[in-house]
Amino acid sequence: TKHLEIAVEMAKKITDAELDKVAPAVVKEFKEALAEAEELLASGTATQAQVDKSFDRLSKVMQMLSFEKGDKAELQALVDKIEALDSKEYIANTWDSLQKQLEVAKGVLANENAMEKEVSETYDSLMKAFLELRLKPSKEKLEELIKKAEGLDSSKYTKATWNEFEVVLSEAVAVYNDENAMQEEVNNAHKELVTAFLNLRLIPDKSLL
């Protein structure tokens, strides 16, 4: 039992302050393994096989005391910040990506045995998704121009210029209806529609000639 006695002696020197830094699951196993070893030594009737098994259990868990639980303060702060955001203000696909990472982060926060590496990697992934969030673009000018374009009378314009106009108008409407459209796309659609509008040509009214 000598090797088990040494292991128990060393285990008893580990302070509560040291254990506070370790993953709870490891702490639980450590305390149970230590209690089992002390009980075996106190019994005086333990077999060599029992002693060896107890030593293996205690020594293994003592080696796991380096499994420190992660500091979740920064991760929690980031989660709180994100949960205060309004989804309506952001482009749908960037918001959805953020929500996926947010769920992962919540899982890590709920896991009392999450290690520092896992907490750190989760924080990095969540921060990346947060930085990739994009605000919904302003579409008021594009909407106004589309309404004006849709109110035109096609019979007044030459077929060639109207056909070109219709293609550009259709593309502009698609951008307007796209929840994932970026501001640059909206701006470009507006510019193209203005150009197409200016390129329209009226069918000559012979009565004015």
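1. A residue counts as exposed when its relative accessible area is over 50%, and as buried when that value is under 20%. In this predicted model, Asp20 has a relative accessibility of 52% and therefore counts as exposed. Asp20 lies in the loop that joins helix 2 (16-19) to helix 3.

2. Asp20 may also be compared with Ala46. The two residues are 26 residues apart along the chain, and their C-alpha atoms are separated by 32 Å.

3. In soluble globular proteins, nonpolar side chains tend to be buried together.

4. Which residues does Val61 touch, leaving aside those up to four places away in sequence? They are Val26, Glu29, Phe30 and Ala33.

5. The axes of helix 5 (residues 73-83) and helix 6 (residues 92-110) come within 10 Å and cross at roughly 140 degrees. Because of this angle, helix 5 is oblique to helix 6. The crossing is left-handed.

6. On the side of helix 5, the contact is made by Leu75, Gln76, Val79, Ile82 and Glu83. Helix 6 contributes Trp95, Leu98, Leu102, Ala105, Lys106, Val108 and Leu109. By class, the contact of helix 5 with helix 6 has nine nonpolar residues, one polar residue and two charged residues.

Methods: Residues are numbered from 1 along each chain as its sequence is written. This is a predicted model: local features need pLDDT of at least 70, side-chain atom pairs count only at pLDDT 80 or more; totals for chains, interfaces and linings use all residues. Side-chain values use heavy atoms; hydrogens and water are left out. Contact means heavy atoms within 4.5 Å. Axes are lines fitted to C-alpha atoms, for helices over the stretch in contact, and angles run from 0 to 180 degrees between N-to-C directions. Helices (H or I, at least four residues) and strands (E, at least two) are DSSP runs, numbered from the N terminus. Angles under 35 degrees count as roughly parallel, over 145 as roughly antiparallel, 65 to 115 as roughly perpendicular and the rest as oblique. A crossing is left-handed if the near helix is turned anticlockwise from the far one by less than a right angle, and right-handed if clockwise. Ala, Val, Leu, Ile, Met, Phe, Trp, Tyr, Cys and Pro count as nonpolar, Asp, Glu, Lys and Arg as charged, and the others, Gly among them, as polar. Buried means under 20% relative accessible area, exposed over 50%, partly exposed in between (1.4 Å probe, protein chains only).
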